[in-house]
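Please keep the structure open beside the text as you read.

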Amino acid sequence: MSILTVNLESGMPTVDTAISRMSQAIRSAKAQRLAAVKLIHGYGSSGSGGRIKAEVHRRLSAMKNTGMVKEFVLGEDFSPFDAAARRAIGLCPELSRDRDYSRCNHGITVVVL
């Protein structure tokens, strides 16, 4: 499988620790020539979006703008009805077989490298 899954929320880390894990996972996946990374960040204890999720999305947006990642899709948008998800599937067709595809999972983000 060419998709790495990383649990950023394991052990209830600080935002900085979770972002460090994300950066390391992306570097590692690129070094292994993997096509994508699925980040599990949770959605916050309030159910309205946590600090880790918000910072992951902010950092991924910057990475996409600089070309460090090709695409990223929020879990709640990871379906055939979203343009970013369709681009991600076009770049990595294997993502269409991911168990979270079309499940509106607010606790994940998919990153195409």
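## A buried serine and its surroundings

Ser79 counts as buried, because its relative accessibility is 14%; buried means under 20% relative accessible area, exposed over 50% and partly exposed in between, with a 1.4 Å probe and protein chains only. Before going further, a word on the model: it is predicted, so local features need pLDDT of at least 70 and side-chain atom pairs count only at pLDDT 80 or more, while totals for chains, interfaces and linings use all residues. Residues are numbered from 1 along each chain as its sequence is written, and side-chain values use heavy atoms, with hydrogens and water left out.

Ser79 sits in the loop between E3 and H3. Helices (H or I, at least four residues) and strands (E, at least two) are DSSP runs, numbered from the N terminus. Leaving aside residues up to four places away in sequence, Ser79 touches Ala85, Tyr101 and Ser102, where contact means heavy atoms within 4.5 Å.

## The aromatic pair

Tyr101 turns up again here. The structure holds one aromatic pair, and its partners are Phe78 and Tyr101, arranged edge-to-face with 5.0 Å centre to centre and 70 degrees between the planes. Rings of Phe, Tyr and Trp (its six-membered ring) pair if their centres lie within 6.5 Å; planes under 30 degrees apart count as stacked, over 60 as edge-to-face and the rest as tilted. Phe78 belongs to the loop between E3 and H3 and Tyr101 to the loop between H3 and E4, so the pair ties together parts that are 23 residues apart in sequence. Both Phe78 and Tyr101 are buried.

## Charged partners

How many salt bridges does a search of the whole structure find? The search finds seven, a salt bridge being a side-chain nitrogen of Lys or Arg within 4 Å of a carboxyl oxygen of Asp or Glu.

| Salt bridge | Closest N and O atoms |
|---|---|
| Asp98 and Lys38 | 3.2 Å apart |
| Arg58 and Glu55 | 2.7 Å apart |
| Glu71 and Arg87 | 2.7 Å apart |

Take the salt bridge of Asp98 with Lys38 first. Asp98 lies in the loop between helix H3 (83-91) and strand E4 (108-112), and Lys38 in strand E2 (residues 36-40), so this pair ties together parts that are 60 residues apart in sequence. Asp98 counts as buried at 12% relative accessibility, and Lys38 is buried too, with a relative accessible area of 7%. Lys38 and Asp98 are also linked with Asp100 in a network of salt bridges.

In the salt bridge between Glu71 and Arg87, Glu71 comes from strand E3 (residues 71-74) and Arg87 from helix H3, so the pair ties together parts that are 16 residues apart in sequence. Glu71 is buried, with a relative accessible area of 3%, whereas Arg87 is partly exposed at 42%.

Arg58 and Glu55 both lie in helix H2 (residues 51-65), three residues apart, about one turn of the helix. An α-helix has 3.6 residues a turn, so residues three or four places apart point the same way. Glu55 is buried, its relative accessible area being 16%.

## Helix H2 and the cores

Just after H2, Gly67 takes a positive phi of about 85 degrees.

Which residues touch the most other members of the largest nonpolar core? Of its 20 residues, they are Met22, Leu39, Val56, Leu60 and Val111. Such a core is a set of buried Ala, Val, Leu, Ile, Met, Phe, Trp, Tyr and Cys residues joined through side-chain atoms within 4.5 Å. Helix H1 (15-31), E2 and H2 are the elements that give two or more residues to this core, and H1 gives the most, with seven residues.

Leu60 touches Met22, Ile26, Leu39, Val69, Phe72, Thr109 and Val111, not counting residues up to four places away in sequence. A second, separate core of 14 residues includes Ala36, Ala84, Ala85 and Val110.
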